[in-house]
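Hi there,

Here is the structure I promised to pass on to you. Have a look at it first, and then read my notes below.

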Amino acid sequence: MLWLSVWLMLFATTNRTIRADKAGSYISYKAVHALHAWEGKNKQADCIIVYNDGIGRIEKVAVAAKIADFDSGNSNRDSHALEVLEALKYPKVTFVSNAITYSSDTLAEVQGSLTFHGITRSVSFPVALVRNGKNLQVKGNFSIQLTDYRVERPSFMLVPIDDRMDLEFYMEFAI
């Protein structure tokens, strides 16, 4: 019976649900037009992970961010973005993982479903994980095509913005 107790202690896992600290976390987008580029940042996104204490790894992640909480520093541009993205009809962008594959303790590939502008598509992207004491920092980036989500690209001087939009995230968790 002693071996069973030892085995259970070694291989038993404890999964915890942990919410990202909004004070240090953000999601941002970068958009480009032929005449200029800009970035919008959301510091109010909700991000929750399922963390396995037994192996010290994230097993699942879910993120939800309100479109209205992205700030580009230009209220006119942000107001127009709310119209273009139909924020009253589609107020949030969400991501839910379905697999996380680790290549090391500090690198992983995350696969899941991104829902934006009422369209859900599969996405995959690398993440870097940094442990700093009792904190875990998760960061990464990936790109989407606006037309994949049926977003009508706004134009300036008859030239639409680039179809590609780069997304970046940085999340801090107290583990």
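M157 counts as exposed, because its relative accessibility is 61% and the cut-off for exposed is over 50%. Please keep in mind that this is a predicted model. You will find M157 in the loop between β10 (155-156) and β11 (159-160). Together with L35 and F156, M157 forms a nonpolar patch on the surface, and the three have about 350 Å² of accessible area together.

Next, the aromatic rings. A pair of aromatic rings is described by the distance of the centres and the angle of the planes. By the rule used here, there are 6 aromatic pairs. One of them is F125 with F142, which is stacked, with 4.6 Å from centre to centre and 10° between the planes. F125 belongs to strand β8 (residues 119-132) and F142 to strand β9 (residues 135-145), so this pair ties together parts that are 17 residues apart in sequence. Are these two residues buried or exposed? Both F125 and F142 are buried.

F125 has another partner, F169, and here the arrangement is edge-to-face: the centres are 5.5 Å apart and the planes stand at 70°. Since F169 sits in strand β12 (residues 164-174) and F125 in strand β8, the pair ties together parts that are 44 residues apart in sequence. F169 is buried, as is F125. Which residues make up the aromatic cluster? F95, F125, F142 and F169 form one cluster.

K41 lies over the face of Y26, at 4.2 Å from the ring centre.

Now for a serine. S25 is in the loop between β1 (15-19) and β2 (26-32). With a relative accessible area of 6%, S25 is buried, because buried means under 20%. The side chain of S25 reaches the backbone nitrogen of E172 at 2.9 Å.

Finally, the charged side chains. Side chains of opposite charge can pair when their charged atoms come close.

- D53 and R16 meet through their side chains at 2.8 Å, N to O. D53 lies in the loop between β4 (46-52) and β5 (57-66), while R16 is in strand β1, so the pair ties together parts that are 37 residues apart in sequence. D53 is partly exposed, with a relative accessible area of 33%, and R16 counts as partly exposed at 28%.
- D46 and R19 form a salt bridge at 3.6 Å, N to O. As D46 is in strand β4 and R19 in strand β1, this pair ties together parts that are 27 residues apart in sequence. D46 has 30% relative accessibility and counts as partly exposed.
- R57 pairs with D105, and their closest N and O atoms are 3.2 Å apart. R57 lies in strand β5 and D105 in the loop between β6 (92-102) and β7 (107-116), so the pair ties together parts that are 48 residues apart in sequence. R57 counts as partly exposed, at 24% relative accessibility.

Enjoy exploring, and write back with any questions!

Best wishes

Terms used
Residues are numbered from 1 along each chain as its sequence is written. This is a predicted model: local features need pLDDT of at least 70, side-chain atom pairs count only at pLDDT 80 or more; totals for chains, interfaces and linings use all residues. Side-chain values use heavy atoms; hydrogens and water are left out. Patches are made of residues with over 30% relative accessible area and no salt bridge: like charges are joined within 9 Å, nonpolar side chains (Val, Leu, Ile, Met, Phe, Trp, Tyr) within 5 Å. Accessible areas come from the Shrake-Rupley method with a 1.4 Å probe; for residues, only the protein chains shown count as cover. A salt bridge is a side-chain nitrogen of Lys or Arg within 4 Å of a carboxyl oxygen of Asp or Glu. Helices (H or I, at least four residues) and strands (E, at least two) are DSSP runs, numbered from the N terminus. Buried means under 20% relative accessible area, exposed over 50%, partly exposed in between (1.4 Å probe, protein chains only). Rings of Phe, Tyr and Trp (its six-membered ring) pair if their centres lie within 6.5 Å; planes under 30 degrees apart count as stacked, over 60 as edge-to-face and the rest as tilted. A charge sits over a ring if NZ of Lys or CZ of Arg is within 6 Å of the ring centre and within 35 degrees of the ring normal. A polar contact is a pair of N or O atoms within 3.5 Å; within protein, one must be able to donate a hydrogen and the other to accept it, and residues adjacent in sequence count only if both atoms are side-chain atoms.
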